[in-house]
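Thank you all for coming; I would like to walk you slowly through one model this morning. Please keep the sequence and the picture open beside you as I speak.

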Amino acid sequence: MKHKFAGEICIYCNEAPAESKDHTVARSFFLVERRDNLPQVLACKRCNNLKSKLENYLMIVLPFGAKHPDAKRNLEELVRPRLENERNAKLYRKLQRDYERSGGQFISFNHKPLDELFAMVAKALAWQHFGVRIGKEHSAVASLFMNEGWPGFEQLMAAGKLTPPGDLGNGTFRYQGSQGPQYPEQTLWRFEVYGGVDFGGTAGRSSLVMAATGRKEYIRNLIYAGFLKDPKSPKVGRNDPCPCGSGEKHKKCCGSVAKTEARERSKAVAAASRIASSMYQPIATHGYGPQQAEEMRRYAEKLPKGE
């Protein structure tokens, strides 16, 4: 195996030697008969293990808000065995407890695995579609956005070189990308999983996952914006390290007066375009929780077929 990938570098970290091939979107997201011809990239062991951990969590939780015609089978054939697995017992208890506390409306959702996984997927797709490696001077970021932000992102993506729409597993995973006209490493991606997972909260519905790759300065600004919108983020002092990961003091980086003013201007433009972040919303469960498999299946049977 080591000789097979001699001289090859991991697509995700762009540093460590590649040791295996990794499916850009894990096979575990798809029903068995929909796993043919899934794209793969070279990965190191560390990145492969990290990605697998993120995928395990998302594969269990996302289907509860799915609107895909395969929702019933996903819950029965893919989700149930994972929930019954002893290593996921803690997650199962948490989902059930939080569902009951919400009065049967939502399943709690940790957005960080989604953000991290789709940032990795964006790096893989940038390589597969544009032949671009996201190297040391570049990075990637992903987040969930409001449905009403679609038109604004359509305009942003139309300004670049668009990929053909991608469809893996008969609508299980759909995506499209756009490459910026000036910098090849600057790409935007939109994703739809399971027909658009139904996230919901007081701020409105969300099912739009977006990712971007580009120069670190650009990505750090987006990471900092994500830090600000997370209600669980700790308070950062002016002399503390900046949350964007630059290594500089907060007051000399994203907390500077100039960047704060620029961020406010950007927020005003985004608000005018109706592009809003999700504010870390839970997953809408359509009234059914993880302990109610039979009711979930009955709900799934009512979904429109063939969309």
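Predicted model: local features only at pLDDT ≥ 70, side-chain atom pairs only at ≥ 80, totals over all residues.

**A walk through the chain**

Let me begin with Ile60, which counts as buried at 0% relative accessibility, where buried means under 20% relative accessible area, exposed means over 50%, and partly exposed lies in between, with a 1.4 Å probe and protein chains only. Residues are numbered from 1 along each chain as its sequence is written, and side-chain values use heavy atoms, with hydrogens and water left out.

Ile60 is found in helix H1; helices here are DSSP runs of H or I with at least four residues, strands are runs of E with at least two, and both are numbered from the N terminus. What does Ile60 touch, if we do not count residues up to four places away in sequence? It touches Val79, Arg82, Leu83, Asn88, Leu91 and Leu95, and contact here means heavy atoms within 4.5 Å. Ile60 and Leu78 are 18 residues apart in sequence, and their C-alpha atoms are 7.9 Å apart in space.

Is Asp70 buried or exposed? With a relative accessible area of 10%, Asp70 is buried, and, leaving aside neighbours within four places in sequence, Asp70 is in contact with Leu31 and Arg34.

Now please find Phe118, which has its place in helix H4, residues 111-130. Phe118 counts as buried, because its relative accessibility is 4%. Leaving aside neighbours within four places in sequence, its contacts are Ala142, Phe173, Phe191, Val193, Val209 and Ala211. Phe118 and Val25 are 93 residues apart in sequence, yet from C-alpha to C-alpha they are 9.3 Å apart in space.

Asn14, in the segment before strand E1 (20-23), has a phi near 55°, a positive value in a residue other than glycine. Asn37, in the loop between E1 and strand E2 (40-43), also has a positive phi, near 60°, and is likewise a residue other than glycine.

Let me turn to helix H3, residues 89-101, where Arg97 lies. Arg97 counts as partly exposed, because its relative accessibility is 36%.

To finish, here is the chain as a whole. It has eight helices and 10 strands, and of its 307 residues 48% count as buried. Among contacts between residues at least 6 apart in sequence, 68% join residues at least 24 apart. The chain exposes about 15800 Å², of which carbon and sulfur atoms supply 51%; accessible areas come from the Shrake-Rupley method with a 1.4 Å probe, and for residues only the protein chains shown count as cover.
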